[in-house]
Structure formats: structure tokens, C-alpha cells
Amino acid sequence: MFGSRHVYCPLSEVAGAMPILCEQGLGIEILLDSTEVIWPKILWEEIFSVADLIVDTGADVTLHGPFHNLNLGALDEHIRRYSVEALLAGMEIARAFRSPIMVFHTGFIPQYNPKTRERWLDSFSLSLDQLLAQATDLEVRLAMENTYEQDLTLFTTIFERFPSPGLGMCLDTGHATCFGKITPALWSEVFRDRICHLHCSDNDGKADLHWSLGKGAVNLASLLAPLIHYGSTASVTYEVSVSDAQK
């Protein structure tokens, strides 16, 4: 049931976290929480030093692409282009780390009115076309993460537009619980064949707090049941602190 297990960690903290995670038999999801290492050019020396560390430990790795303030469907063309370029660079790093996937956020804002939402979707589709072409060349699968969506409609539309197996989904159980207005398990029921990665953490049902599992309102048993029944081999990242992962 399910695939490799990881704990997420910012790129700058990987060296300190790796010995702890390896002792626990866990892999790592490297978080590009800043674009400093990829803009205006990729700092390959820093990237390769982390890649060498991963090879030395033999740990499983996944990559979370940059996401702060990025918006793949931005109506401002400059912001959209920058968001695409940042994620294209992220895929190059995923390849260097030998990560089979790169998790990414859409940048969608639920408060868009219907007309703006359609414009956003058209702009987003142009961006995703570019990303998928690069993903195919690099043999990196894109895992689109649910964030602030209140229901399934956006992801349903995107997956209908892009049936390519190169586009998968990262189901964030914490986001589904605290931001959604539907039964959280509907995410895994409807998109079970697209879910290739999981983010698991707990919260109070109101904010994305990244508590350790079992502490709050996230019902993992209910959320994961459709995937277990489906026989999912999705990889899993515990979005908790490294110290919590030791418990």
C-alpha cells in the first residue's frame, strides 16, 4: 500500500536533516521555498552538492517546486512568464535530484469571479502546456497540489483539458480539510487515478498548521480509504517538522 515515505525539508536544511531521516528509514521531499537558487540562473554548484549527498545516503527523494507568490494563470503576463520560468528551472533540479515528480501549485485564487476565472484558466492552460512539454523531455511527472480550492470543479476542468498521464495530482490532506467546503474524501474518490503523491499533516480544520498526525481534525482514515481500496502506489510526504517525524 502506497509508495516511498518522505518528510519535507527546505533545501537549505537538507544536510542537517538527512542523517535523522535516514536513521528513521525515511526519504526527503526537498522544498524550493525560495527562487534564489534558480533565478536569474540555477546555482548548480549548490544543487549538485545536495544531489551528491542524496546519492551518498541512498535516500528516496521528491521535489516540491517553488510556489511563493507564483501564479501560472496570472493575468499579468510578466508574472505568468516568471512563474513558468521558475517551475521550468524547478524541473531541471528535480532531474538532478532524480526525483520522479515535481509538486507544484496552480496559484489559483478562489475569490475570482466567473469571468476572471475563465481568463485565468486560459492563461493557466498556456503555462501548463509549456511545463508538460519540458516534463516529458526530462521524464519528470508533474503533481498538481490542491491548495485553496473549495471544491473539485477547478481540478476537474484542468484534468479534462489535460488528460496526459504526465499530469498527476498531489493530494494535500491538510488543505482538503481546512480550506475545502466539501467532504475531504471526495478528493481521493474522484481523482484516485491521478493521485501520485500525498501530503499528510494535521490541523484544526481552520488553518494549515502542519501539526503532527492525529493531533487535530484531519481524518486520514476516511481520506485515504478510497486510495487504499484502489490499490494506490502514491508516494507519501509527512509535512511535519523533522523532530515530529522522529516521534
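**Close-up 1. Strands β3 and β4, side by side.** In this predicted model, strand β3 (residues 61-64) and β4 pair in the parallel sense through two bridges; pairing takes at least two DSSP bridges between two strands. Helices (H or I, at least four residues) and strands (E, at least two) are DSSP runs, numbered from the N terminus. Opposite H64 sits V103 of β4. To get from β3 to β4, the chain goes through helix α3 (residues 77-97), and this β-α-β crossover is right-handed: with the strands pointing away from the viewer, the path from the first strand over the helix to the second runs clockwise.

**Close-up 2. Strand β4 and its link to β5.** Strand β4 (residues 101-104) is covered on both faces, with I101 and V103 buried on one side and M102 and F104 buried on the other. Buried here is under 20% relative accessible area and exposed is over 50%, with partly exposed in between (1.4 Å probe, protein chains only). Strand β5 (residues 141-145) runs parallel to β4, joined by four bridges, and R141 in β5 is the bridge partner of I101. Helix α4 (residues 114-138) carries the chain from β4 to β5, again a right-handed β-α-β crossover.

Close-up 3. Helix α8 (residues 220-230) buries L223, L224, P226 and L227. They sit on the same side of α8 because they cover an arc of only 140° around the axis, taken from the directions from the helix axis to the C-beta atoms. A221 and H229, on the other side, are exposed.

**Notes.** Residues are numbered from 1 along each chain as its sequence is written. The model is predicted, so local features need pLDDT of at least 70 and side-chain atom pairs count only at pLDDT 80 or more, while totals for chains, interfaces and linings use all residues, and side-chain values use heavy atoms, leaving out hydrogens and water.
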